[in-house]
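Visitor: I am new to this structure. Could you walk me through it?

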Amino acid sequence: MNIKDLQNEVAKLGDTKKRSLPLKTREESEILYWTVKLNEEVGELCNDILSILQLQRASKLERFEKKNFYQEFADVIITLLHLAKHTNVDVERAVKEKLKTIKDRYLKRSS
Ligand SMILES: [Mg+2]
């Protein structure tokens, strides 16, 4: 089976997905937007990390600027804060609670 055969097989299935997302409110749209945006920004950060580790192809390494890495890091944090706002997450509380969980787990293992 080649790619064209696969495309034909998929075409025979028809569109089995819902044609529209069942988002009820503008806030739900915002949450979806910021979730997808966060994934995009994390991908961009991954690209820069690959460049720092010299694992990108030469053409990408030539265009890489370390300044961009810092900006991508900031993009991830800023986008995450937008998502937190729209999902009513208190980031400070969430991080404090998670750090406590990690410390409790780590201290239990090391003692
Ligand atoms: Mg970015």
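Guide: Happy to! The buried residues of α2 are Trp34, Glu41, Asp48 and Ser51. This is a predicted model, where local features need pLDDT of at least 70, side-chain atom pairs count only at pLDDT 80 or more, and totals for chains, interfaces and linings use all residues. Residues are numbered from 1 along each chain as its sequence is written.

Visitor: What does buried mean?

Guide: A residue is buried if 20 or more other C-beta atoms, placed from the backbone, lie within 10 Å of its own, exposed if 12 or fewer, and partly exposed in between. What covers the buried residues of α2 includes α3 (58-63) and α4.

Visitor: At what angle do α2 and α4 cross?

Guide: Axes are lines fitted to C-alpha atoms, for helices over the stretch in contact, and angles run from 0 to 180 degrees between N-to-C directions. Here the axes of α2 (residues 26-52) and α4 (residues 66-86) cross at roughly 160° and come within 8 Å. That makes α2 roughly antiparallel (an angle over 145 degrees) to α4.

Visitor: Which residues does leucine 83 contact, leaving aside its neighbours within four places in sequence?

Guide: Contact means C-beta atoms, placed from the backbone, within 7 Å. Leucine 83, in helix α4, is in contact with Trp34, Thr35 and Leu38, leaving aside those neighbours. Leucine 83 is partly exposed, because 18 other C-beta atoms lie within 10 Å.

Terms used
Helices (H or I, at least four residues) and strands (E, at least two) are DSSP runs, numbered from the N terminus. Angles under 35 degrees count as roughly parallel, over 145 as roughly antiparallel, 65 to 115 as roughly perpendicular and the rest as oblique. Two residues are in contact if their C-beta atoms, placed from the backbone, lie within 7 Å.
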